[in-house]
Structures are given as C-alpha cells and as structure tokens.
Amino acid sequence: MSGPDLATLVPDHDRLERDLTELATYVDPDAPGWTREVFSDPYRAARDWVRRQMVDAGLETTVDAAGNVVGRLVGAGSGKPLVTGSHTDTVHGGGRFDGVVGVVGAIELVRRLRETGTELTHDLVVCDFLGEEANEFGLSCMGSRAIAGVLGAEHLDRRDGGGRRLGDAFERFGTDPEGALRLAWAPGSVHGYVELHVEQGPLLERQGVPIGVVTAIAGIERLLASFSGRADHAGTMPMGERRDALAAAAQAVLSVEREGCGAPVHGVATTGRIESGPGAFNVVPDHARVWAEMRSIDAEWLSGAKGRIAEQIASDAAERGVEVVLEWLNDQAPVPTDPSIQDVIGAAADDLGVPWSAVPSGAGHDAAHMAHLGPMGMIFVPSRDGRSHCPEEWTDLADLATGVHALGATLLRLDAWSPS
Ligand SMILES: [Zn+2]
C-alpha cells in the first residue's frame with residue numbers, strides 16, 4: 001500500500017463534525033440525552049437523512065425489506081462485496097456516537113474515495129442496520145439478524161409491554177416483516193465485514209491508544225431467578241425459622257457479582273433488577289425475582305460461571321428453606337473476530353503510523369451477526385471516561401477521524417486481500 005494514496009483518504013473533519021451535529025438533531029424532544037429509538041418518528045426522519053447522505057455521496061441506495069438502509073459503491077471488478085456499517089438508533093437517554101460513527105464515518109469515507117478517484121475492485125456496501133439496540137421487544141440487532149438469516153418468525157411474534165407484536169411494529173414503520181424473513185444474504189457472500197464503533201469502555205483511553213482492534217464480541221448469559229419462601233410476621237417469627245425469599249435473592253446478587261469479580265481476562269456479571277413481595281416493613285418476603293447477566297469473550301469461562309452461579313444460588317436458597325427456579329434466557333455465544341481481519345486492521349493502522357491495541361468488546365454489535373456471512377472485524381475508537389449509553393458519551397473528533405482513516409486503510413488492504 002503506497003503512502004500517498006492513504007494520505008489522500010484523510011476524512012474531512014468539518015464534514016464529519018457537520019454530519020454528527022446534523023444527525024444529533026433528530027431526537028425525541030421529550031426524552032433525555034440523545035434519544036432516537038427504533039420505530040420512533042425521529043428515527044424515521046434520521047434514516048431519511050442517512051439515505052440522502054448516501055445518495056449524495058454517490059452510493060446506489062435502497063431500503064431493504066427489514067428496513068436496513070443499504071448503499072453500494074460499485075467496484076471495478078466482480079466478486080463478493082466488502083461491507084461496512086453500523087446503526088443510528090439509540091437507547092433511551094443515549095449519546096451521539098454509539099453506532100452513528102460507523103455509519104457517518106463510512107459515508108465520509110465513500111466521499112473521499114470518490115473525490116480522490118480511488119477505485120476499489122470489490123463493491124463497497126454501507127449499511128445502516130435497523131434497530132441495533134435492545135428494545136421493548138427484547139430483540140437487538142434486528143436488521144443485521146435479517147441480513148444474516150437469523151431473524152425468525154418467532155422473533156416477529158414477540159410482544160412489548162403494551163402487548164404490541166414486533167411484526168406489526170415492523171409493518172407500521174413501513175418495512176415488510178415477511179420479506180425480512182426471506183432477506184438473508186447467502187453465507188460466505190461477503191468478502192469482508194469491518195465495523196467502526198466507539199469502544200464504550202475505558203481501555204483505549206487508559207492506554208492512550210487511538211485505535212482498538214477488536215478480538216471478540218462478548219457472549220451473554222441471562223438469568224431470571226425466582227425465589228419462593230414463606231410470608232411470616234416480621235416481629236414474631238424467630239430468625240432461625242424463617243424462609244426469607246428476599247434474603248436468598250440478595251445472596252444471589254452477591255454470588256453473581258463475586259463471579260464477575262473473579263473473572264479472568266474479560267468477564268462481567270451484573271444484577272440489573274430485583275423484585276420482591278409482599279413488600280411491607282413487617283412481613284417476611286415470600287417471593288423474589290432477580291434478573292442478572294454475565295458476559296465474556298471466553299465461552300469456557302461463561303459456561304463454567306453459569307454452572308457455578310446456579311449451584312451457589314441453589315445451595316444458599318436451600319439452606320434458608322427457599323425454593324428457587326432458574327431460567328436462562330437469550331444466551332448468545334461469544335463471537336471471535338476473524339484473525340486475518342485483525343491482522344489487516346493492525347497492518348492498516350501501522351500504514352498510518354497510528355498506535356493500536358487489541359481489545360475485547362463487552363457490548364454486542366451488528367458485526368456479531370454479520371460474521372455469519374464472511375470474515376468479520378471491528379475497529380474501536382476511544383470513549384471518554386469509558387462512558388456510553390448516556391448523554392455524556394463522547395469521542396474527540398480527531399479520534400473519530402483517525403478511526404475513519406483506519407477504516408479506509410483497512411478496506412483498501414482487504415480489497416487486495418484474498419482469504420487463505
Ligand atoms: Zn452500538
């Protein structure tokens with residue numbers, strides 16, 4: 001790869017900043033931070049904006065049956081496409097960078113490729129995937145799942161808290177739920193997928209390194225533990241004779257935390273919610289429920305932790321005479337990134353003279369699903385104070401520009417790369 005070619009691909013900082021600022025105006029005015037949730041009006045308006053940017057950048061742009069906005073820069077040769085992209089939906093009360101940088105950055109890169117007359121052999125496809133964030137229907141990465149062929153009819157039958165069906169929400173949004181089920185691209189049909197994203201954690205900032213080469217996307221095990229004890233008078237029942245469901249649940253919270261604290265390399269464990277009843281000062285609780293999750297890029301640790309936590313919770317509860325039922329939900333295996341793509345990203349950063357380091361992703365990403373279709377990799381840029389999914393989420397413009405430049409250098413190398 002010759003130096004001058006890469007130097008000309010430096011993104012236009014002003015345009016990047018303008019795009020981020022413009023996209024950040026499409027938000028729910030009644031919600032905190034930058035809120036642009038899937039199926040909402042601001043989301044619809046933002047995606048019209050994305051589509052216009054893609055068209056103006058010279059991409060052949062369509063919206064597929066699952067609502068993904070897909071732009072194609074036609075290459076000089078034939079063969080499988082290079083694919084990049086991310087998402088523009090946010091969590092409630094989210095920030096301006098999560099997902100957005102992978103879409104806005106890819107569009108800016110396409111502008112630079114065209115302005116400099118840099119022609120790729122492969123087609124370059126840019127995706128703004130529908131609804132990446134977990135939503136009221138309990139399903140994340142809806143658009144990339146459809147493309148990867150892992151969106152099922154059972155997903156469309158899921159209902160939100162108000163009893164609305166996901167398939168109907170798709171239809172109201174103007175997408176075609178039945179078509180989404182038939183959308184799947186063929187396995188092996190992608191030459192390489194690379195996603196640029198903010199790290200959403202503190203590792204890169206702490207190391208003072210602008211580029212992260214992602215090693216793997218964490219798997220998730222989710223647990224719903226339901227405890228049944230016995231309600232008694234809180235003043236008269238002796239301590240040793242109680243069957244306190246909430247005390248058993250509290251022990252479970254600490255067991256989950258302890259497992260996360262003891263994790264090697266990368267592993268976290270969190271209890272996000274606890275509920276108990278009947279809920280009075282003077283009654284020993286007879287039932288409680290705990291929602292917890294564990295994440296790791298290490299499948300072996302994850303399954304070991306699942307077993308240890310189950311055993312610990314059951315034995316602690318049994319000691320109290322409390323019954324417990326454990327339900328494991330929505331488990332997702334860790335997805336390693338392709339080692340060759342990791343090498344290519346590292347070499348591309350070296351081409352630019354930019355330090356990089358290998359980091360895991362604790363967050364889920366569209367990339368995990370795109371890995372079904374071909375070799376997958378991810379580039380991270382630093383998040384200030386490791387904050388994300390909150391209004392304080394921030395990445396400096398210079399770091400974003402470095403990330404876009406590295407994405408460009410990576411795609412140029414992949415254009416000339418053939419998988420072994
Ligand atoms: Zn994201």
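Reader: What volume does the largest pocket have?

Author: First, some ground rules: this is a predicted model, where local features need pLDDT of at least 70 and side-chain atom pairs count only at pLDDT 80 or more, while totals for chains, interfaces and linings use all residues. Residues are numbered from 1 along each chain as its sequence is written, and side-chain values use heavy atoms, with hydrogens and water left out. Now the idea: on a 1 Å grid over the protein atoms alone, a pocket is an open set of points with protein on both sides within 12 Å along at least five of seven lines, while a cavity is a set where a 1.4 Å probe fits but cannot get out. Points are joined across faces, edges and corners, and a volume is the space filled by probe spheres set on them. Here, the largest pocket comes to about 1100 Å³.

Reader: Which residues are closest to its centre?

Author: Lining residues have an atom within 4 Å of a point. The largest pocket has 39 of them, and Ile 220, Arg 222, Glu 293, Arg 295 and His 389 sit closest to the centre.

Reader: Which element supplies the largest share of that lining?

Author: Elements are DSSP runs numbered from the N terminus: helices (H or I, at least four residues) and strands (E, at least two). Strand 10 gives the largest share, three residues. Among those supplying at least two are strand 7 (219–228), strand 9 (287–296) and helix 13 (366–370).

Reader: How do the lining residues divide by class?

Author: Ala, Val, Leu, Ile, Met, Phe, Trp, Tyr, Cys and Pro count as nonpolar, Asp, Glu, Lys and Arg as charged, and the others, Gly among them, as polar. The largest pocket's lining has 13 nonpolar, 17 polar and nine charged residues.

Reader: And how much space lies in the second largest pocket?

Author: About 320 Å³. Its lining counts 19 residues, with Glu 37, Val 38, Phe 39, Glu 136 and Phe 137 closest to the centre. By class, that lining splits into seven nonpolar, four polar and eight charged.

Reader: How many cavities of 30 Å³ or more are there?

Author: Two. The largest cavity holds about 40 Å³, and its lining includes Leu 16, Val 101 and Val 404. Helix 4 gives the most to that lining, three residues.

Reader: What about the second largest cavity: which residues line it?

Author: Among them are Trp 34, Arg 36 and Arg 96. The second largest cavity has a volume of about 30 Å³, and its lining has five nonpolar, one polar and two charged residues.
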